[in-house]
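Keep the picture open beside you as you read.

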Amino acid sequence: MSRRPALPAIAVLCSGQGTNFQALVSAARRGALRARIALLISDRPDAFALTRARRAGVEARYINPKAFPTRAAYERALIRLCEAHRVRLVCLAGFMRILSPVFVRRYRHRILNIHPALLPAFPGSHAIRDALRWGAKVTGVTVHLVDEAVDHGPILLQEALAIRPGETEAELLARIHRIEHRLYPKAIGLVLAGRVRVRGRRVSLG
């Protein structure tokens, strides 16, 4: 009797609530994502994502950046942990630290990020608030490969969302979350299936 091939392992890096982490776990459980969520790493001890991971039976690790003399040393510790779990893909889900070339080059074209705006519009950590303050009529969600710049790198998938008149930040966030939770597993599946080809800043899907 032949064994089924092992599912590819994913590490999720998260600093906050972990709603996208939870969506990935749910997608994997129902078979919509052919992957194993092997590891959740947070840079904050009070991140609710850690609790979500433990409840889901996923190894949850808080790695304190202040315990390391440099950012490079911290990231090398993350790399060792990912390597120990044979991680094939790293998924950022509200991870509030900028990754240096040390980490990015180790996992070149194998780090994904999800951003609550249509990049290159509204990069940064307050994308939803910035879109509302600017008076944008349309925003959305972007999934992209991570490079050495902030909210940069080849874009895999985007989906637009019209902003409703008078919509609050919380209301818009809730609608954006629904798109994120659908789009992120789809993008991860494309990468793991080998359907993503990268040439410079351009991406083609096979």
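The structure holds 1 cavity of 30 Å³ or more. On a 1 Å grid over the protein atoms alone, a cavity is a set of points where a 1.4 Å probe fits but cannot get out, while a pocket is an open set with protein on both sides within 12 Å along at least five of seven lines; lining residues have an atom within 4 Å of a point. Grid points are joined across faces, edges and corners, and a volume is the space filled by probe spheres set on the points. Please remember that this is a predicted model, in which local features need pLDDT of at least 70 and side-chain atom pairs count only at pLDDT 80 or more, whereas totals for chains, interfaces and linings use all residues. Residues are numbered from 1 along each chain as its sequence is written, and side-chain values use heavy atoms, with hydrogens and water left out.

The largest cavity has a volume of about 30 Å³. Look for its lining at Arg-71, Tyr-74, Glu-75, Phe-95, Arg-97, Ile-98 and Leu-99. By class, this lining has 4 nonpolar, no polar and 3 charged residues. Here Ala, Val, Leu, Ile, Met, Phe, Trp, Tyr, Cys and Pro count as nonpolar, Asp, Glu, Lys and Arg as charged, and the others, Gly among them, as polar.

Now turn to the largest pocket, which has about 1000 Å³ of space. Its lining is made of 37 residues, and Gly-94, Phe-95, Met-96, Pro-116 and Ser-125 lie nearest its centre. The lining divides into 16 nonpolar, 14 polar and 7 charged residues. At least two lining residues come from each of α1, β5 (111-115), α5 (127-134) and α6 (169-192). The largest share, 5 residues, is supplied by α6. In these names, helices (H or I, at least four residues) and strands (E, at least two) are DSSP runs, numbered from the N terminus.

How do the helices pack? Axes are lines fitted to C-alpha atoms, for helices over the stretch in contact, and angles run from 0 to 180 degrees between N-to-C directions. The axes of α5 and α6 are 10 Å apart, at an angle of about 125°. That makes α5 oblique to α6; angles under 35 degrees count as roughly parallel, over 145 as roughly antiparallel, 65 to 115 as roughly perpendicular and the rest as oblique. Ile-128, Arg-129 and Leu-132 of α5 make the contact (heavy atoms within 4.5 Å) with Glu-169, Leu-172, Leu-173 and Ile-176 of α6. This contact has 5 nonpolar, no polar and 2 charged residues.

Helix α6 also packs with α1: their axes come within 9 Å and cross at roughly 55°. These two helices are therefore oblique to each other. In α1, Thr-19, Asn-20, Ala-23, Leu-24 and Ala-27 meet His-177, Glu-180, His-181, Tyr-184, Pro-185 and Ile-188 in α6.

Finally, follow α1 (residues 19-29) to α2 (residues 48-56), where the axes come within 9 Å and cross at roughly 20°. The pair is therefore roughly parallel. On the α1 side, the contact is made by Thr-19, Phe-21, Gln-22, Val-25 and Arg-29, and on the α2 side by Ala-49, Arg-52, Ala-53 and Ala-56.
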